[in-house]
Amino acid sequence: MDEVLAVSGLSAGYRGRAVVRGIDLSLRRGDIIGLLGANGSGKSTLIRAITGQIPLLGGSVMVDGVDLAAAPERAKAGFGLAIEPHDLPAPLSGRQYIELVASIRGCAPNDLPSADLPGADLLERLELGRWIDRPIAEYSLGTRAKVAILAALLGRPPLLIFDETLNGLDPVAAWEVKRVITALCASGRHAVIVSTHVVEAVPALCSRAVLMADGSLNRSWDAAQLVEAGRAPGAFEASVMQALRMRAAA
Amino acid sequence: MRHDRLVLILLRRELIAGLRAMRRRDLAWIGLGGGALLAYAIADIVLALQAAAPRLRHDQLLWTLGLPLTLAVLGALTGNAVARLCLERAFAPFLKALPLGSRQRRQMAGRATLAIFAPLGVLVAVLVGFACAIIGKPLPAAWGVGAAILFALGFGTAAIWRLRQPRLLLDEAASETAPVGRPRLGRLDRARPRWLSSWAWKLPGGHLRPSWKLAAAGLLLAASAILGAWASLAGRTAGPAAVAGLAGGILIFMLSLRCQPLGSPVLRTAPIGFTRVWLRLVQLPLQLSLAFFLLPAGAALAAEPSAWAVPVAGGLWLLVLNGAYAVFGAYFLNTPFVAMLSFASALAYASYETLEYGRTVLIGLAALVVFLWHRTRQRYRNG
């Protein structure tokens with residue numbers, strides 16, 4: 001099955017109040033979708049709903065053909081979420097956290113998509129070697145983000161979700177993670193959702209982009225539009241800003 | 001690392017991380033001081049048990065009702081607390097998006113609760129058996145085992161009730177650990193009135209917003225003050241009103257003092273000394289406390305004018321106790337509940353020892369307050 005995520009008419013929120021509504025989204029293997037939006041636009045709520053962290057108020061989410069509402073555990077096995085760095089268990093070491101996630105996902109701690117990634121071992125590529133056996137409490141924001149990314153790749157799930165994970169990375173790690181994402185999707189076995197505020201990174205990284213505003217999808221860019229916008233420096237950012245201004249004016 | 005032992009591993013790691021986070025000197029103080037105090041307490045209890053042995057051995061009410069009931073209640077409270085602790089780890093935020101069912105999480109929490117119970121049960125059996133041996137009760141081992149069974153019954157019932165609670169799973173607020181039951185004590189630690197701290201800094205958030213809870217608390221305290229005053233006026237004695245004023249005053253002070261701003265980098269990096277910050281935080285709670293005290297104290301004076309020393313002494317004690325609690329509150333700045341508990345324990349212990357050694361024990365309490373003040377000021381300055 002090519003489609004790894006099918007979101008249809010999704011509404012979700014907190015305490016019965018919808019924060020995101022009417023979301024339709026589809027991802028196929030090989031897709032990298034950039035999720036953009038201002039603070040409070042509903043990006044994180046959408047990701048929480050897709051990953052089963054908050055209940056749906058309406059609509060459906062299918063992960064790799066499995067209905068999230070009907071079989072949440074099976075559906076959750078179909079994606080890897082790089083959790084927010086401050087949510088990582090501070091008392092554990094990075095290795096213990098990786099082993100723990102591997103145990104829950106029922107795979108080996110080294111079951112990473114290495115075959116799809118040319119070059120060195122992922123631990124080395126993300127420069128985690130000297131940190132991995134120290135408690136997460138001692139990590140910087142970027143190192144925490146790297147561990148969260150590594151854990152998301154465990155078991156090679158078809159759908160990978162990075163919720164503002166790129167934001168805390170140093171330039172070298174951000175470049176490495178972008179290379180990893182590109183290589184994984186080029187293999188045709190994975191699809192990736194990247195929620196980010198780093199707008200200028202989107203044209204080079206993503207094959208599609210959507211802009212969220214006030215809890216709904218406000219505008220989308222396909223691959224051709226992203227390539228076009230990526231040619232001139234700042235063109236994509238200008239395009240996003242224009243969409244946000246139009247939304248505010250409306 | 002297997003995830004089925006996750007809860008225990010997390011708890012153990014949190015404990016180790018907490019110990020590592022403490023300075024070695026503080027650890028040594030706690031170890032040596034706590035150890036010495038524990039040894040002294042054990043010796044004191046053994047002596048007290050030996051002295052009361054004949055009476056205790058034949059106290060039917062104690063053995064048939066008092067002890068079983070105490071053990072069951074103690075077990076239930078412990079079981080509830082331990083199960084809640086384990087459930088919070090099993091439903092930790094970092095596990096929310098992982099393919100782990102609710103049943104599996106509860107099983108993990110249940111196994112960890114059981115593992116924690118085992119040493120506690122043994123401890124209860126040993127302590128009760130030991131106490132029975134000291135007072136010469138026949139079959140001390142059997143009493144120990146019986147006590148452990150009663151403790152286990154209370155523990156198991158409360159733990160199973162807590163583990164089967166239908167709440168949680170999906171944390172709708174999605175901003176904090178999934179709530180497991182009603183975090184009553186934690187709620188107290190986060191409780192209003194937070195506005196008191198803001199008031200001290202004349203911030204807009206410091207304006208008092210009336211609420212039903214505040215009105216209910218005010219009514220309750222007013223009723224207790226009126227009751228105390230009435231008892232004094234009716235009996236023509238200053239005692240009841242003075243006691244009501246002192247108890248209500250310290251209660252108001254404890255409930256209204258919030259010292260969280262002492263941990264704020266905004267204040268710690270501002271050109272203002274610790275003492276000034278602390279005094280400003282204490283200002284409003286102290287005013288509220290004294291304002292409450294005035295009505296019962298006035299009634300005490302009116303009821304028995306010749307005993308003017310009683311309300312005056314009550315007022316002075318109120319100031320001393322408020323000052324001591326303000327130091328405890330500043331030391332445990334993020335956990336007012338722990339501050340209250342520690343203060344009440346210190347007072348209770350000092351009162352108990354005063355019976356034996358007289359008021360010299362108060363010097364020890366004063367030394368503790370000074371030490372806490374010194375440590376709090378150091379922490380404010382140096383982090």
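Mentor: Two strands pair if DSSP finds at least two bridges between them, and helices (H or I, at least four residues) and strands (E, at least two) are DSSP runs numbered from the N terminus. This is a predicted model, in which local features need pLDDT of at least 70 and side-chain atom pairs pLDDT 80 or more, while totals for chains, interfaces and linings use all residues. Residues are numbered from 1 along each chain as its sequence is written, chains are lettered from A and ligands numbered from 1 in the order written, and side-chain values use heavy atoms, leaving out hydrogens and water.

Trainee: What makes β1(A) and β2(A) a pair of strands?
Mentor: Eight bridges join β1 (residues 3-14) to β2 (residues 17-28) in chain A, and the definition asks for at least two, so they pair. The two strands run antiparallel. As one example, G13(A) has A18(A) in β2(A) as its bridge partner.

Trainee: What lies between β1(A) and β2(A)?
Mentor: Two residues, and the strands form a hairpin. In the turn, R15(A) has a positive phi of about 50°.

Trainee: Which strands pair with β8(A) in the parallel sense?
Mentor: Among them are β3 (residues 32-37) of chain A, over four bridges, and β7 (residues 159-163) of chain A, over five bridges. I33(A) stands opposite I193(A), and F162(A) has V194(A) as its bridge partner.

Trainee: How do you know that β8(A) is mostly covered?
Mentor: Five of the five residues in β8 (residues 191-195) of chain A are buried. Buried means under 20% relative accessible area, exposed over 50% and partly exposed in between, with a 1.4 Å probe and protein chains only. A191(A), I193(A) and S195(A) point one way, V192(A) and V194(A) the other way, and all are buried. In a regular strand the side chains alternate between the two faces of the sheet.

Trainee: How many aromatic pairs are there over all chains?
Mentor: The count comes to 15. One of them is Y97(A) with F94(B), at 5.9 Å centre to centre and 65° between the planes.

Trainee: Why is that pair said to join two chains?
Mentor: Because Y97(A) lies in helix α3 (residues 94-105) of chain A, and F94(B) in the loop between α4 (60-90) and α5 (102-135) of chain B. Y97(A), at 3% relative accessibility, counts as buried, and so does F94(B), at 4%.

Trainee: Why is the pair Y325(B) and F343(B) called edge-to-face?
Mentor: Their ring centres are 5.3 Å apart and their planes stand at 65°. Rings of Phe, Tyr and Trp (its six-membered ring) pair if their centres lie within 6.5 Å; planes under 30 degrees apart count as stacked, over 60 as edge-to-face and the rest as tilted, so edge-to-face is the label here. Y325(B) is in α13 (residues 309-331) and F343(B) in α14 (residues 336-357) of chain B, 18 residues apart. Y325(B) is buried at 1% and F343(B) at 4%.

Trainee: What makes K137(B) lie over the face of W63(B)?
Mentor: K137(B) is at 4.4 Å from the ring centre. The rule asks for NZ of Lys or CZ of Arg within 6 Å of the ring centre and within 35 degrees of the ring normal. R379(B) lies over the face of Y331(B) in that sense too, at 5.4 Å.

Trainee: How many residues of chain B are in contact with chain A?
Mentor: 22 residues of chain B are in contact (heavy atoms within 4.5 Å) with 28 residues of chain A.
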